[in-house]
Amino acid sequence: MARVRLVAGNWKMHGTLASNRALLDALVAGIPGLKGVQCAVCVPFPYLAQAAERLRGSALAWGAQNVSEHSEGAYTGEVSAAMLRDFGCRYAIVGHSERRQLYRESDAQVAAKFAAALSQGVTPILCVGETLEEREAGRTEEVVGRQLAAVLKDHSLSGAVLAYEPVWAIGTGRTATPEQAQAVHAFLRRKVVAETPILYGGSVKPQNAAAIFAMPDVDGGLIGGAALAAGDFLAIARAAAQKG
């Protein structure tokens with residue numbers, strides 16, 4: 001089975017109703033010309049209704065940046081996978097490095113979030129990645145292998161998306177070389193079912209996207225800052241569409 005090519009934007013904690021409207025309008029106008037790649041935006045929770053209303057019927061999917069591992073209950077501030085499904089979310093990011101680092105999400109908690117999303121028909125985008133210290137210590141495969149194993153213990157990645165995001169390249173302007181990205185993607189590829197898309201995330205820009213996406217085991221990107229500019233996001237999506 002051919003792997004899906006996917007470019008997903010992670011808006012992080014950015015946006016207003018007005019700026020979102022302009023960005024979504026520009027994306028909806030530009031997406032129809034793209035063939036061979038799927039595109040999505042993962043927006044802050046308060047803007048899911050806006051995204052659903054604007055994107056329904058378009059070629060652009062939408063999703064969330066996080067999800068609770070709990071189905072319901074006294075969990076103030078949390079959002080369940082069933083709630084995301086109510087808003088038509090196709091995707092939910094789980095295990096992003098900012099959640100692991102800033103909010104101390106453990107491998108076990110990330111695995112529970114992964115399961116919660118799947119249980120409601122929401123496709124998890126599972127993020128794994130190492131810090132600069134871990135890379136320099138030669139522990140990249142150990143770290144990403146451990147993060148992935150926590151999920152694989154109870155689930156295959158069938159019906160899910162995997163994203164490699166070297167922590168040292170997120171929002172820093174530094175980017176793994178295409179060869180560095182390919183080496184980790186090839187390691188991950190050996191551990192998941194053949195149809196699992198593996199995205200690269202870490203300062204992907206229009207200027208470097210084509211070289212990164214040319215690698216055989218890179219199936220697209222999880223895009224941060226460049227997802228906030230329609231022209232940049234569409235240029236990155238075009239690079240993914242032209243692969244192969």
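These exercises work through the fold, helix packing and selected residues of a predicted model.

Residues are numbered from 1 along each chain as its sequence is written, and side-chain values use heavy atoms, with hydrogens and water left out. In this predicted model, local features need pLDDT of at least 70 and side-chain atom pairs count only at pLDDT 80 or more, while totals for chains, interfaces and linings use all residues.

**Exercise 1. The whole chain**

Task: State how many helices and strands the protein chain has, and judge its radius of gyration against the globule rule.

Solution: 
- Step 1. Count the elements. The protein chain holds 10 helices and eight strands. Helices (H or I, at least four residues) and strands (E, at least two) are DSSP runs, numbered from the N terminus.
- Step 2. Compare the radius. The radius of gyration is 17 Å, close to the 18 Å that the globule rule gives for 244 residues, so the chain is as compact as a globular protein of that length. The radius is taken over C-alpha atoms, and the rule is 2.2 Å times the number of residues to the power 0.38.
- Step 3. Along the principal axes, the C-alpha atoms fill roughly 45 × 45 × 35 Å.
- Step 4. Check burial. Of the 244 residues, 53% are buried. Buried means under 20% relative accessible area, exposed over 50%, and partly exposed in between (1.4 Å probe, protein chains only).
- Step 5. Check contact range. Among contacts with a separation of 6 or more, 72% join residues 24 or more positions apart. Contact means heavy atoms within 4.5 Å.

**Exercise 2. Two partners of H10**

Task: Describe how H9 packs on H10, then how H1 packs on H10.

Solution: 
- Step 1. Two packed helices are described by the angle between their axes and the distance between the axes. Axes are lines fitted to C-alpha atoms, for helices over the stretch in contact, and angles run from 0 to 180 degrees between N-to-C directions.
- Step 2. Take H9 (residues 206-213) and H10 (residues 230-241). Their axes lie 9 Å apart, at an angle of about 20°. H9 and H10 are therefore roughly parallel. Angles under 35 degrees count as roughly parallel, over 145 as roughly antiparallel, 65 to 115 as roughly perpendicular, and the rest as oblique.
- Step 3. H9 crosses H10 in a right-handed sense. A crossing is right-handed if the near helix is turned clockwise from the far one by less than a right angle, and left-handed if anticlockwise.
- Step 4. List the residues. From H9 come Pro206, Ala209, Ala210 and Phe213; from H10 come Asp232, Ala235, Ile236, Ala239 and Ala240. By class, the contact of H9 with H10 has eight nonpolar, no polar and one charged. Ala, Val, Leu, Ile, Met, Phe, Trp, Tyr, Cys and Pro count as nonpolar, Asp, Glu, Lys and Arg as charged, and the others, Gly among them, as polar.
- Step 5. Turn to H1 (residues 17-30). The axes of H1 and H10 come within 9 Å and cross at roughly 30°. H1 and H10 are therefore roughly parallel. Their crossing is right-handed.
- Step 6. List this contact. H1 supplies Leu23, Ala26, Leu27 and Gly30, and H10 supplies Ala230, Phe233 and Leu234. The classes in the contact of H1 with H10 are six nonpolar, one polar and no charged.

**Exercise 3. H5 against H7**

Task: Decide how H5 and H7 are oriented to each other.

Solution: 
- Step 1. Read the geometry. The axes of H5 and H7 (residues 140-152) come within 8 Å and cross at roughly 45°.
- Step 2. Classify. H5 and H7 are therefore oblique to each other. The crossing is right-handed.
- Step 3. Name the residues. Asp107, Ala111 and Phe114 of H5 meet Arg146, Gln147, Ala150 and Val151 of H7. They divide into four nonpolar, one polar and two charged.

**Exercise 4. Positive phi**

Task: Are Arg104 and Ser203 buried or exposed?

Solution: 
- Step 1. Arg104 lies in the loop between H4 (97-102) and H5 (107-119). Its phi is positive, about 55°, although Arg104 is not a glycine. At 65% relative accessibility, Arg104 is exposed.
- Step 2. Ser203 sits in the loop between strand E7 (198-200) and H9. Ser203 is not a glycine, yet has a positive phi of about 60°. With a relative accessible area of 17%, Ser203 is buried.
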